[in-house]
Amino acid sequence: MEQIVEFLSAEKISARVRELGASITRDYRDRRLVVVCVLKGSFVLASDLIRAIDLPHVRVEFLGVRSYGEGTETSGVVQITNDLSRPIEEEDVLLVEDIVDTGLTIGYLLDLLATRHPKSLKVCALLHKPARARMQVTIDYLGFTIEDKFVIGYGLDFAERYRNLPFLGVLQRAAET
């Protein structure tokens, strides 16, 4: 039997996303911005974030990757499942990721996107799990630093389930409670 314990409320997430949007708006004023949403986990964050960014020119791109499969541990191998639809050369790019834990996926994506010669390339992540870091990466806009828990909801899944939760939760087996 599974139980979901709320870890971060929808209200707390929403408030922090608005703060991130305000910071991004200040930093990119009078510039065009390309927001690259890393699928699938960050689509909810990206949706809320772009509405919190008050700029006249925000383009959205999607980059699909897979590194977890059906489990709770990364495979360490990043597979591109959906590439950008337009070039990002000489563009200001904001890579939006749901969670940075080992750093391997975001590091790989930063290297990949850098080969496409953007004017600037920054990272926005909802969550950072420094306890699991195997590679250090700079997160320019960070929602929350969390302990080493496997979280679900707000776009994050477990075997393609629970993405639709409006909050972040921790999945526990009945014996763990």
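I took partly exposed to mean a relative accessible area between the buried limit of under 20% and the exposed limit of over 50%, and I kept in mind that this is a predicted model.

Entry 1, E2 and its partner. I looked up E2 and found 32% relative accessibility, so E2 counts as partly exposed. R161 forms a salt bridge with E2, and the closest N and O atoms are 2.8 Å apart. This pair links distant parts of the chain, since E2 sits in strand β1 and R161 in the loop between β8 and β9, 159 residues apart. I noted R161 as partly exposed because its relative accessibility is 38%.

Entry 2, the sheet. I traced an open sheet of 3 strands in the order β1-β9-β8, with antiparallel pairing, whose edge strands are β1 (2-8) and β8 (151-152), each pairing on one side only. Between β8 and β9 (residues 168-173) I found 2 bridges in the antiparallel sense, and V151 has V170 in β9 as its bridge partner.

The side chains of K40 and E160 meet in a salt bridge at 3.5 Å, N to O. K40 lies in the loop between β2 (33-39) and α2 (43-52), and E160 in the loop between β8 and β9, so this contact ties together parts 120 residues apart in sequence. I recorded K40 as partly exposed at 46% relative accessibility, and E160 likewise as partly exposed at 45%. K40 and E160 also belong to a network of salt bridges with D157 and R163.

E61 and R59 meet through their side chains in a salt bridge of 3.3 Å, N to O, and both residues are buried. My salt-bridge count came to 12.

Terms used: Residues numbered from 1 in each chain as written. Predicted model: local features only at pLDDT ≥ 70, side-chain atom pairs only at ≥ 80, totals over all residues. Heavy atoms only, no water. Pairing = 2+ DSSP bridges. Helix = DSSP H or I, 4+ residues; strand = E, 2+ residues; numbered from the N terminus. Salt bridge = Lys/Arg side-chain N within 4 Å of Asp/Glu carboxyl O. Buried < 20%, exposed > 50% of the residue type's maximum accessible area, 1.4 Å probe, protein only.
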